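I opened this model to look up its charged pairs and its core. My notes follow.

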Amino acid sequence: PGNPNRVEVMERYMVASGRGEFDPLFYYVYGLCKIGVILQQIYYRYLQGKSQDERFARLGGAVEACGLMAVEAIEKRRISGLF
């Protein structure tokens, strides 16, 4: 309680930066895609044996989760209250 939600943070940023209208859904999904790509690159390197860090073995699931969250946000046309 008392903390701004995602939309409120974006609205505050818009006012503080002086930027015009923008679509928070686009930037949310875009961010998930960027994170997914980074995770996929690390996971691929792990699968190829170029990294031995066992923590990377679980990144395949994280990549999938990013994709699922992006799809849900697009389908529901919102960035809050997902999953």
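**Entry 1: an exposed arginine.** I started with Arg 55, which is exposed at a relative accessible area of 56%. I kept in mind that the model is predicted. I then looked up its partner. Arg 55 forms a salt bridge with Asp 53, and their closest N and O atoms are 2.5 Å apart. Asp 53 is partly exposed, with a relative accessible area of 24%.

**Entry 2: the count.** How many salt bridges does a search of the whole structure find? I noted two.

**Entry 3: a pair in helix 3.** I turned to Glu 72 and Lys 76, whose side chains meet in a salt bridge at 2.7 Å, N to O. Both lie in helix 3, four residues apart, about one turn of the helix. I wrote down the span of helix 3 as residues 59-76. Is Glu 72 buried or exposed? Glu 72 has 14% relative accessibility, so it counts as buried, the cut-off being under 20%. Lys 76 is partly exposed, with a relative accessible area of 40%. I also checked what Glu 72 touches. Leaving out residues up to four places away in sequence, I found Leu 82 and Phe 83.

**Entry 4: the core.** I looked up the largest nonpolar core and found 14 residues. Those with the most contacts inside it include Leu 25, Tyr 28, Ala 73 and Ile 79. Helix 2 (24-47) and helix 3 each supply at least two residues of this core. The largest share, six residues, comes from helix 2.

**Entry 5: Ile 79.** Setting aside neighbours within four places in sequence, Ile 79 is in contact with Arg 6, Val 7, Met 10, Pro 24, Leu 25 and Tyr 28.

Definitions and conventions. Residues numbered from 1 in each chain as written. Predicted model: local features only at pLDDT ≥ 70, side-chain atom pairs only at ≥ 80, totals over all residues. Heavy atoms only, no water. Buried < 20%, exposed > 50% of the residue type's maximum accessible area, 1.4 Å probe, protein only. Contact = heavy atoms within 4.5 Å. Core = buried A, V, L, I, M, F, W, Y, C linked by side-chain atoms within 4.5 Å. Salt bridge = Lys/Arg side-chain N within 4 Å of Asp/Glu carboxyl O.
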